[in-house]
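Let's take a look at how this protein chain holds together. Have the sequence and the 3D view open as you read.

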Amino acid sequence: MFKELFRKKSDKSDADSLLDFVDEASLPDKAPDPFHVTEAAAKQIKSLIKEEPKATGLRIFVLGGGCSGFQYGFAFAEELEEDDTNVQQHGASVVVDNMSYQYIMGAEIDYKDNPLEGSSFVIRNPQATSTCGCGSSFAYG
């Protein structure tokens, strides 16, 4: 069987022959999403954009500032910019700009409805090295 795989066709190397053998249909259609959106967050995003006629999803961005160095910002996504990453999960769209992408990669975007602390989107970011006491800012690297 392996002789069949590596049989040279004209000037192809063994590596090229092996690459030709890979069944492209078995490869995923797209790369894995750079972050995860929970069902609770998706439900809240869909609910919020129903009230905003131009909104297509939630935009998450990272700004310098806050007591730990960086803080997350949220806005309605209305138009996609050329360098935006748009992730669709559970029927909701989350958009991140190119600069913020590196700080969001690998994170989980969730939504918590807490009667004592209030309702808010929560980002659990494995890249954050520390967070402030209130959880609204984080340190990176």
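A salt bridge here is a side-chain nitrogen of Lys or Arg within 4 Å of a carboxyl oxygen of Asp or Glu. This is a predicted model, where local features need pLDDT of at least 70, side-chain atom pairs count only at pLDDT 80 or more, and totals for chains, interfaces and linings use all residues. Residues are numbered from 1 along each chain as its sequence is written, and side-chain values use heavy atoms, with hydrogens and water left out.

## Charged pairs

By that rule there are four salt bridges. In one of them, Arg124 pairs with Asp110, with their closest N and O atoms 3.0 Å apart. Arg124 sits in strand E7 and Asp110 in strand E6, so this pair ties together parts that are 14 residues apart in sequence. (Strands, E, of at least two residues and helices, H or I, of at least four are DSSP runs, numbered from the N terminus.) Arg124 also bridges to Glu108, at 2.4 Å between the closest N and O atoms. Through shared partners, Glu108, Asp110, Lys112 and Arg124 end up in one network.

How exposed are these residues? Buried means under 20% relative accessible area, exposed over 50%, and partly exposed in between (1.4 Å probe, protein chains only). Asp110 counts as buried at 6%, while Arg124 is partly exposed at 35%. Another salt bridge joins Arg59 and Asp84 (2.8 Å, N to O), and both of these residues are buried.

## The nonpolar core

Now for the greasy part. A nonpolar core is a set of buried Ala, Val, Leu, Ile, Met, Phe, Trp, Tyr and Cys residues joined through side-chain atoms within 4.5 Å. The largest one has 21 residues, and Phe35, Ile60, Ile104 and Ile109 have the most contacts inside it. Elements giving two or more residues to this core include helix H3 (39–50) and strand E2 (57–64).

Leaving aside residues up to four places away in sequence, Ile109 touches several others, among them Phe35, Ala41, Ile60 and Phe121 (contact means heavy atoms within 4.5 Å).

Which residues of H3 are buried? They are Ala41, Ala42 and Ile45. These cover an arc of only 100 degrees around the axis (taken from the directions from the helix axis to the C-beta atoms), which puts them on the same side of H3. On the other side, Glu39, Lys43 and Lys50 are exposed.
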